[in-house]
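I opened the model to look up a few contacts. These are my notes.

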Amino acid sequence: MKKRSFKTILIRNFTGAIFITFLVIYFLFNTLTGNFISEEARRELSRGMIEVENISSDNLLPHWEHARPVRRQLMMNSDSIILNAYNEIIFPNPQHLNHGDITQVMLLASYFVSHRHEFENEAMVRVPDVDRGNVFYLQGIEVAPIGDMPFTFIFYTDITSAMLFVASVNMTLMYLLVISSITSIILSIVVSTQVQNAVLRLCNYAESVGQGKFGEKISNFKYKEFHNLAQSMNNMSNKLDEYENNQKQFFQNVSHELRTPLMSIQGYTEAIAADVIGKDEATKIILAESERMENLVNQLLYISRMDSGLDALKFTTFNLKNMLYDSIGRVKILADKDGKAIIPHFPNEDIEIKADEEKLQRAIDNILTNCTRHGHTRIDISYVIEDGKIKITIADDGKGIKETDLPYIFKRFYKGENGNSGLGLAISKDIVEKLNGSIIAENTETGAKFNIILNDCKV
């Protein structure tokens, strides 16, 4: 399907809209003015018909012969013609008329006589004067005879002035149509050119971003909408640049983290082959490094699934206390090995929450493991309900987090003092935030403390 340019569509639509608007105005104006002129002519002629009916037939003709034609302050004037039984004009008196008026009266009388059937039931008929360019409305009435001589009244009104006014307005509308069309085309070209240039600039910018040129920025647009779009594209470019840098840093960190256990495994394997070290000692180290590498790979795979959106949240309703006890049970082996105690401080009543149990448990496990590794003798875990929010607190009695490390401990691959892979706390933060919560780390007088706040999860 062939695509049309924005400029062509805009010009066509603008011009079409103006043309349609003109047709509507033209139709409405002519319809309304035509109805108005017709009704005014009917009222003019009806006045004469009513006056004839109100005057007795004996006095009608003498009265009418001495009457002056009625003139209204309008664009049309009414007058009358009287025919006798032989269709001869007996009023107005030809001696009182100029040549033009005589011709007009004779024309109207002739039309009435030859088209008398059109005037039945006192119908009003439109009669054009082709030679002189005038237009009239006629209406006739037959009056009861005086003696043996019946006669007919013909009332007519000249609507030429009104029709000329309508024609003048129509011509003005035509001029306005032409001027509006030319103006709309010029404006359409100007506006569409500006819009087209702005769109082309944005397209070129999007293409450059697609090629990885994130340093370039775009601005200075005349229209607010394009300015906002440019700002959004600049923000997108910044985020893509940041994402690319993070990806590079991520792969560098992954390479570094995997290189250490791999080099250790390789070194001890070569030492075993060369009989430099005992097999039992080397095997223990190789096994420990393998476990470390396996844990790192699992964490990396988990982060990858979360970032790609493949590991979607699965909300279920579960008992928070039971879930925390399960986490304590999994980390207790590590704590017992180091001679440390995990002490729960839970209220008696149970509480049901709605969240992703598996992911929340992973976040709790990571924090408990971190506190177990850095605590001296004990790790305390508790939860409370504050303002409809669930607050889970995990604290250790270690020496706390260095103030210089505190702002970065949730950053991926950031390892503070005695840190492991630098991924556990980052994973916990990602999980909690995806569950519409927040996590805060702080130091207390007795060690480090982590507060997990979950919003809108209480059943």
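The entries below cover a helix pair, some aromatic rings and one glycine.

I am working from a predicted model, where local features need pLDDT of at least 70, side-chain atom pairs count only at pLDDT 80 or more, and totals for chains, interfaces and linings use all residues. Residues are numbered from 1 along each chain as its sequence is written, and side-chain values use heavy atoms, without hydrogens and water.

**Helix pair.** I looked up H8 (residues 357–374) and H9 (residues 424–434). Helices are DSSP runs of H or I, at least four residues, and strands are runs of E, at least two, numbered from the N terminus. The axes of H8 and H9 come within 9 Å and cross at roughly 145°. Axes are lines fitted to C-alpha atoms over the stretch in contact, with angles from 0 to 180 degrees between N-to-C directions. I listed the contact residues (heavy atoms within 4.5 Å). Among them are Leu360, Ala363 and Ile367 of H8, and Leu425, Ile427 and Ile431 of H9.

**Aromatic pair.** I checked Phe410 against Phe450. Their ring centres lie 6.3 Å apart with planes at 80°, so this pair is edge-to-face. Rings of Phe, Tyr and Trp (its six-membered ring) pair with centres within 6.5 Å; planes under 30 degrees apart are stacked, over 60 edge-to-face, the rest tilted. Phe410 sits in the loop between strand E10 (389–396) and H9, and Phe450 in strand E12 (residues 448–454), 40 residues apart. Both Phe410 and Phe450 are buried.

Buried means under 20% relative accessible area, exposed over 50%, partly exposed in between (1.4 Å probe, protein chains only). Gly278 lies in the loop between H5 (224–273) and H6 (279–308).
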